Amino acid sequence: MELHRNRGVLPLALVCVAGGVMVLAVAGDGPVLRMLVALGIVVIGVKVLVGALRPFRCVLGAEGLEVRRPGLRGTYRWEQFVALALDDAGRLVGVPGAGLPPGLPVTARHPRDGRPAVELLDLRQVRESPDEVTAALTRYAGDRFTDARTRPAGADDETGTDREATA
């Protein structure tokens, strides 16, 4: 399953850059505060624009995970992770195993037991829904994967079904 970057911020970034440049052009020798605000808007718009256009690739498959995003690039087999989890913030994190190359940035924690983990993917950055990604991870990563998102009140942790509905 190939995941695609969500480019929803692209139009807003373009509007910020264009609007800021127009205000700068119209302001000329006008008030310094107006020029500083317009310059700030342009800088923020450019930063968001660059972030939205940076290289991104994430493929989930039977063999493993291919990731190309800022801060992480490589192809990793499922066996290289002791555990994988999807947390409440929509981040896919992996607890490094013995076969994982050294030097990966350990910037997260496993949501259930707090072990140091590598943030592999932020689902807010992709078009596919968390449920689609969860289904693919369950299929490909098997027992290594845990959906650690908070379940609705009254839901059974093992099955995700409502206890009252099944009683």
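Student: In which helix does I44 lie?
Tutor: This is a predicted model, in which local features need pLDDT of at least 70, side-chain atom pairs count only at pLDDT 80 or more, and totals for chains, interfaces and linings use all residues. Residues are numbered from 1 along each chain as its sequence is written, and side-chain values use heavy atoms, with hydrogens and water left out. Helices (H or I, at least four residues) and strands (E, at least two) are DSSP runs, numbered from the N terminus. The run of residues 32–53 holds I44, and this is helix α2.

Student: Is I44 buried or exposed?
Tutor: Buried means under 20% relative accessible area, exposed over 50%, and partly exposed in between, with a 1.4 Å probe and protein chains only. The relative accessible area of I44 is 56%, so I44 counts as exposed.

Student: What is the area of the nonpolar surface patch made by V9, I44 and V48?
Tutor: Patches take residues with over 30% relative accessible area and no salt bridge, joining like charges within 9 Å and nonpolar side chains (Val, Leu, Ile, Met, Phe, Trp, Tyr) within 5 Å. Accessible areas come from the Shrake-Rupley method with a 1.4 Å probe, and for residues only the protein chains shown count as cover. For V9, I44 and V48 the patch comes to about 240 Å².

Student: Which element gives the most to the lining of the largest pocket?
Tutor: On a 1 Å grid over the protein atoms alone, a pocket is an open set of points with protein on both sides within 12 Å along at least five of seven lines, whereas in a cavity a 1.4 Å probe fits but cannot get out; lining residues have an atom within 4 Å of a point. The volume of the largest pocket is about 270 Å³, and of its 13 lining residues R5, N6, G51, A52 and Q125 are the closest to its centre. At least two lining residues come from each of α2 and β8 (116–122). The most, 3 residues, come from α2.

Student: Is D147 buried or exposed?
Tutor: D147 sits in strand β9 (residues 145–147). Its C-alpha atom is separated by 8.6 Å from that of L84, 63 residues apart along the chain. With a relative accessible area of 14%, D147 is buried.

Student: With which residue does D87 meet in a salt bridge?
Tutor: A salt bridge is a side-chain nitrogen of Lys or Arg within 4 Å of a carboxyl oxygen of Asp or Glu, and the structure holds 9 salt bridges. D87 has a relative accessible area of 7%, so D87 is buried. At 3.0 Å, N to O, its side chain meets that of R91.

Student: What is the N to O distance in the salt bridge of R77 and E79?
Tutor: R77 is partly exposed at 46% relative accessibility, and E79 is partly exposed at 49%. Their side chains meet in a salt bridge, N to O, at 3.6 Å.

Note on methods:
Grid points are joined across faces, edges and corners, and a volume is the space filled by probe spheres set on the points.
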